[in-house]
Amino acid sequence: MANKQFMTVDGIPVEINGEKNLLELIRKVGVKMPTFCYHSELSIYGACRMCMVENQWGGLEAACSTPPKAGMEIRTNTERLRKYRKMILELLLANHCRDCTTCDNNGTCKLQDLAMRFDINDVRFPNTAEKPKIEDSSVSIVRDAHKCILCGDCVRMCNEVQNVGAIDFAHRGSKMTISTAFDIPLAESPCVGCGQCAQACPTGAIVVKNDIAKVWKALDDRGTKVTVQIAPAVRVALGRELGIAPGENAMGRIVAALRRMGFDEIYDTSTSADLTVLEESNELAKRLGEGKAELPLFSSCCPAWVRYCETRYPELMEHVSTCKSPMQMFAAVIRENNRTSSRKCVHVAVMPCTAKKFEAVRDEFKVEGKQDVDYVLTTQELVRMIKESGIMFRDIEPEAVDMPFGTMTGAGVIFGVTGGVTEAVLRRLASDKSNTALMSIAYTGVRGMEGVKEARVMVGEKEVRIGVVSGLKNASDLIERIKAGEHFDFVEVMACPGGCVSGGGQPFASNMEREKRGAGLYSADKLCSIKRSEENPLMMSLYNGILKGRVHELLHVHYHGAKQEDN
Ligand code: SF4
Ligand code: SF4
Ligand code: SF4
Ligand code: FES
């Protein structure tokens, strides 16, 4: 008791217990402070001033950048603070587009949310907002500079977490804006399309590119057969908007909803993740056996990582697995399966990912000029389509995916969380196929939401060193260690922190909710009766059928660099 330190929040004594800032301490008394520029994963910017509190001497302090001090007394909700916050909101709204009903962020916008919370029903200043300034050169995200409140979250996300630096502040004073270097189109910048800036943006200034209308058009054309695949991470992230708890596995309901929308065949990308496991583990075993110089082998499922490697470390592209991502493998198989169809065929992929929109348009994945995946919808877009259809999502009966590609394994399902690809590959490579051995793989250190994980595992007689990283800054730090001489045999890289459960196209979630999404995938794995990809009975029939003599052509790729441009 003697060493304990306390301060007072709104008259309530609170123990200080290692909190970094007043925001964290205030949360302990059950108060959620308004913030725009604070993001727990990013450095402190302290610019928006929404989080101000009043101290015992009447001074104002920014809660996000002030550390707790013993004896300090603060108030979080005084008349002065309420007036101050309203003034900030009114000033922001004065030169902000107020067409909320037509904004893609309507309902999830923090500015809208705080304006409602602080009862802003009139703005005393004239609206000086200019017409939208849309930058839509990227296939992944769209920017509207006139919805920007200059909080800087996107810039810090792109620099600090992703180490890409595609965007930054430009100009000064009232001309300040967020821009690429020399204001070049985003598609020509080093942007990797990860969408993490859109996740961080509190307003509609950066949003996911919307392909919903194109998919409705295909569905409306009765002469067209529309097939769809759903990525593992989508099922645990549909969000509160549909009455789904974070981490709850809604795959059966998603299938039922897509069928009601008119999709002809519905598949689970976990199935083709099994193909990826088989191909990638073969590649790793081969490289290990041959003692090849191209170790470590880097995973290749994440298109934002592939793009980052191409632009930042082109000399390492030989180390990147030649396996296509599960999305592209499945699309190639479905294209072959449809070859004799008399109908026009369109293939849609529902992904947690904005970078997949870019992957789909890459030249490497076109056959005779046609994309294997015609449209990528993010989870956010799927939620909108479900709402637009009027489907009562919570009430519909779950349904199963279609045959002939309807069997999958737990190994494929865990692809959606950081460490999942590695665990699936290790399940395949382990010579001991007992349940005990299977469970022990989970405890090698590959599970967990940490951005950097390392493990040493025995593959046959050989000890294999593995790295698992999520977030491109973490990837780049590990690469620098490898360049300095550290040896790794296999490195899994996912661009989004925590893996695809936190993808740029997912509905917004707190860190705790993201963890629940990861846990939801491990629960789904537990429920799968088949845990190892090689035990999926469909694999045998695929290798003896569609893939016979064509494995390299249909499941592998050689990247030759591409601009991130729409076509
Ligand atoms: S999509 Fe990713 S790489 Fe591109 S600007 Fe946003 S954070 Fe940066
Ligand atoms: S684009 Fe969004 S995240 Fe970036 S500074 Fe503007 S409001 Fe903030
Ligand atoms: S981690 Fe997953 S969601 Fe994020 S960019 Fe990579 S593939 Fe897409
Ligand atoms: S959240 Fe503290 S100043 Fe912006």
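Q: Two strands pair if DSSP finds at least two bridges between them, but what counts as a strand or a helix?
A: Both are DSSP runs, numbered from the N terminus: helices are H or I runs of at least four residues, and strands are E runs of at least two.

Q: Thanks! What kind of model is this?
A: This is a predicted model, where local features need pLDDT of at least 70, side-chain atom pairs count only at pLDDT 80 or more, and totals for chains, interfaces and linings use all residues, while side-chain values use heavy atoms, with hydrogens and water left out. Residues are numbered from 1 along each chain as its sequence is written, and chains are lettered from A and ligands numbered from 1 in the order in which they are written.

Q: Okay, pairing: how many strands are in the open sheet with β6, and in what order?
A: That open sheet has three strands, ordered β6-β7-β10, with antiparallel pairing.

Q: Which ones stand at the edges?
A: β6 (134-135) and β10 (206-208) do. Each has a single partner strand, so one side of each is left without a neighbour in the sheet.

Q: How many bridges join β7 to β10?
A: Three bridges join them, with β7 covering residues 141-144 and the two strands running antiparallel. In that pairing, Ile-141 stands opposite Val-208 of β10.

Q: Ile-141, got it. Which residues surround ligand 1?
A: Ile-141 is one of them, along with Cys-158, Val-164, Ile-167, Cys-191, Val-192, Gly-193, Cys-194, Gly-195 and Cys-197. A residue is near a molecule if one of its heavy atoms lies within 4 Å of it.

Q: What classes do those residues around ligand 1 fall into?
A: Eight are nonpolar, two are polar and none is charged. In this scheme Ala, Val, Leu, Ile, Met, Phe, Trp, Tyr, Cys and Pro count as nonpolar, Asp, Glu, Lys and Arg as charged, and the others, Gly among them, as polar.

Q: Is Cys-158 buried or exposed?
A: Cys-158 is buried, with a relative accessible area of 12%. Cys-194 is buried too, at 11%. Buried means under 20% relative accessible area, exposed means over 50%, and partly exposed is in between, using a 1.4 Å probe on protein chains only.

Q: How many disulfides does the structure hold?
A: The structure holds zero, where a disulfide means a pair of cysteine sulfur atoms within 2.5 Å.

Q: On to ligand 3: what sort of space does it sit in?
A: Ligand 3 sits in the largest cavity. A cavity is a set of points, on a 1 Å grid over the protein atoms alone, where a 1.4 Å probe fits but cannot get out. A molecule sits in one if more than half of its atoms lie within 2 Å of its grid points. The second largest cavity is the space taken by ligand 1.

Q: And which residues surround ligand 3?
A: They are Cys-302, Pro-303, Ala-304, Cys-353, Met-494, Ala-495, Cys-496, Cys-500 and Gly-503. That shell has eight nonpolar residues, one polar and no charged.

Q: Where does Met-494 point relative to the others in β20?
A: Met-494 points the same way as Phe-490 and Glu-492, while Val-491 and Val-493 point the other way. β20 (residues 490-494) is mostly covered, with five of its five residues buried.

Q: In which sense does β19 pair with β20?
A: β19 (residues 462-470) pairs with β20 in the parallel sense over five bridges, and Val-468 stands opposite Glu-492 there. β13 (residues 297-298) also pairs with β20 in the parallel sense, over two bridges, with Leu-297 opposite Phe-490.

Q: What's the peptide bond from Leu-295 to Pro-296 like?
A: That bond is cis, with omega near 5°, and Pro-296 lies in the loop between α8 (269-290) and β13. The bond from Met-403 to Pro-404 is cis as well, with omega near 15°.

Q: Last one: how many residues of α14 are buried?
A: Nine of the ten residues of α14 (residues 420-429) are buried, so this helix is largely enclosed by the rest of the structure. Among the buried ones are Glu-423 and Arg-427.

Methods
1 Å grid on protein atoms, 1.4 Å probe; cavity = no way out; pocket = protein on both sides within 12 Å on 5 of 7 lines; lining within 4 Å. Pairing = 2+ DSSP bridges.
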